[in-house]
Amino acid sequence: MKPQDYISEKVKVIPFSGIRKFFDIASEMEGVISLGVGEPDFDTPWAIRERGIYNLEKGKTVYSSNAGLLELRKEIKKYLNRTIGVTYCAKNEIIVTVGASESIDLALRATLNYGDEVLVPEPSYVSYKPCVAMADGVPVVVNTKAENSFKLTVDDIKDKITEKTKALILPYPNNPTGAIMEREDIEKLAEFLKDKNILVISDEIYSELTYGDKKHCSIANIDYMREKTIVINGFSKAFAMTGWRLGYAAGPKEIISAMTKIHQYCIMCAPTTSQQAAVEALRSCDDAVASMRKEYDRRRRFMRKGFLDMGLECYDAQGAFYLFPCIKSTGLTSDEFCERLLFEEKVAVVPGTAFGECGEGFIRCSYAYSVDEIRTALEKISRFVKKVKAEREGN
């Protein structure tokens with residue numbers, strides 16, 4: 001047999017992330033400005049780093065329990081209670097994972113049987129469908145629409161539900177659109193799901209990054225949804241801790257126990273230095289998060305104005321740190337736009353199709369960059385858009 005013959009058929013059909021294509025090219029080019037990576041440009045707050053350093057110096061580097069340090073789980077319990085208004089038991093309803101991504105994977109593997117269907121709203125994070133497939137489930141795409149502010153509505157999902165539907169992934173605030181679900185939106189969805197045997201996997205990794213007078217609402221906050229919801233969050237985005245690789249999930253003890261069973265065999269435990277640092281993050285860094293959120297909001301408004309000024313429609317995203325401008329007026333596909341922009345102006349953005357077919361005609365731009373970088377990138381994009389539109393008019 002050849003090496004490729006040993007590869008699982010399930011893995012063979014899973015595509016590589018559409019995000020990576022352009023950044024693999026960009027990484028080999030000089031002078032590229034990137035608006036593509038979903039990573040905070042802030043340093044991890046000093047109090048968090050100091051706690052990590054202290055514990056390293058003290059040699060606190062042994063394994064934690066499989067579910068994570070109890071000290072951290074107690075802080076997560078307090079944090080969720082004050083931020084989303086839901087109370088969990090620190091001992092058996094919370095698990096600490098290697099990033100929120102592992103929580104998503106564990107939630108799916110712990111709950112899906114072969115052939116179970118999972119509703120996956122799109123545009124959305126690139127990992128959902130592959131994770132469903134690797135858990136032997138069947139992803140069922142639910143397209144959200146710009147005219148609905150990319151929110152998930154009851155009308156979107158009601159015709160997608162079958163007797164095989166096991167779960168719904170609820171990815172808000174949303175990557176890549178920046179869309180949020182306000183409380184009234186969540187309540188309508190919850191009422192529809194109330195009597196259905198559908199588990200909700202609520203990915204709330206961007207929950208702290210909600211802007212203006214909008215406040216994040218978790219579907220677990222609806223009384224009758226708590227027992228059929230897994231809340232997933234982490235420290236990467238709000239606390240600027242991407243490289244620390246730390247996330248968590250909260251939900252019914254039976255499901256968290258099943259997730260912990262898989263976790264103990266595959267991972268053992270999340271990095272203890274990261275866990276110890278995260279304790280400090282939850283205890284003392286609310287002000288740092290608020291400061292970063294304020295700056296993201298300033299960049300959000302600045303970038304959106306730039307797109308509107310160059311004649312591109314751009315939904316007024318209220319969460320995360322992405323904008324999802326529409327480039328249909330240029331006559332280019334998302335891939336064509338991104339490829340030409342990269343080679344002609346040396347600006348890297350992500351085609352909307354990386355997040356689902358309904359992302360065609362859009363691009364994802366992150367504002368987790370300095371205003372100076374954003375300004376320069378916008379100038380280059382504006383020049384490119386004018387050029388493309390002139391070419392189109394000339395034809």
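Helix 5 (99-111) lies across strand 2, strand 3, strand 5 (165-170), strand 6, strand 7 and strand 8, and runs at about 160 degrees to strand 7. Contact here denotes heavy atoms within 4.5 Å; helices (H or I, at least four residues) and strands (E, at least two) are DSSP runs numbered from the N terminus. Axes are lines fitted to C-alpha atoms, for helices over the stretch in contact, with angles from 0 to 180 degrees between N-to-C directions. The model is predicted, so that local features need pLDDT of at least 70 and side-chain atom pairs count only at pLDDT 80 or more, whereas totals for chains, interfaces and linings use all residues. Residues are numbered from 1 along each chain as its sequence is written, and side-chain values use heavy atoms, with hydrogens and water left out.

An open sheet of 7 strands has the order 2-8-7-6-5-3-4 and mixed pairing, two strands being paired if DSSP finds at least two bridges between them. Strand 2 (94-97) and strand 4 (138-143) each have a single partner strand and stand at the edges, so one side of each is left without a neighbour in the sheet. From one strand to the next, the twist averages 20 degrees. Strand 6 (residues 199-203) pairs with strand 7 (residues 229-234) in the parallel sense over 4 bridges; Ser 202 has Val 231 of strand 7 as its bridge partner. Helix 4 (residues 70-83) also packs on the sheet, where it touches strand 2 and strand 8 (247-250), and its direction makes about 115 degrees with that of strand 2.

A further open sheet comprises 3 strands in the order 9-12-11, with antiparallel pairing. Strand 9 (322-323) and strand 11 (350-351) are at its edges with a single partner strand each, so one side of each is left without a neighbour in the sheet. Strand 11 and strand 12 (residues 363-366) are paired in the antiparallel sense over 2 bridges, and Pro 351 has Ile 363 in strand 12 as its bridge partner.

The axes of helix 12 (residues 334-345) and helix 13 (residues 371-394) come within 11 Å and cross at roughly 115 degrees. The residues of this contact divide into 6 nonpolar, no polar and 7 charged, where Ala, Val, Leu, Ile, Met, Phe, Trp, Tyr, Cys and Pro count as nonpolar, Asp, Glu, Lys and Arg as charged, and the others, Gly among them, as polar.

Grid points are joined across faces, edges and corners, and a volume is the space filled by probe spheres set on the points. The largest pocket has a volume of about 580 Å³; of its 29 lining residues, Gly 38, Tyr 125, Asn 175, Tyr 206 and Lys 237 are the closest to its centre. Helix 5 contributes the largest share of this lining, 4 residues. The second largest pocket, of about 440 Å³, is lined by 22 residues. The largest cavity has a volume of about 60 Å³, and its lining has 8 nonpolar, 3 polar and 1 charged residues.

Notes: On a 1 Å grid over the protein atoms alone, a cavity is a set of points where a 1.4 Å probe fits but cannot get out, and a pocket is an open set with protein on both sides within 12 Å along at least five of seven lines; lining residues have an atom within 4 Å of a point.
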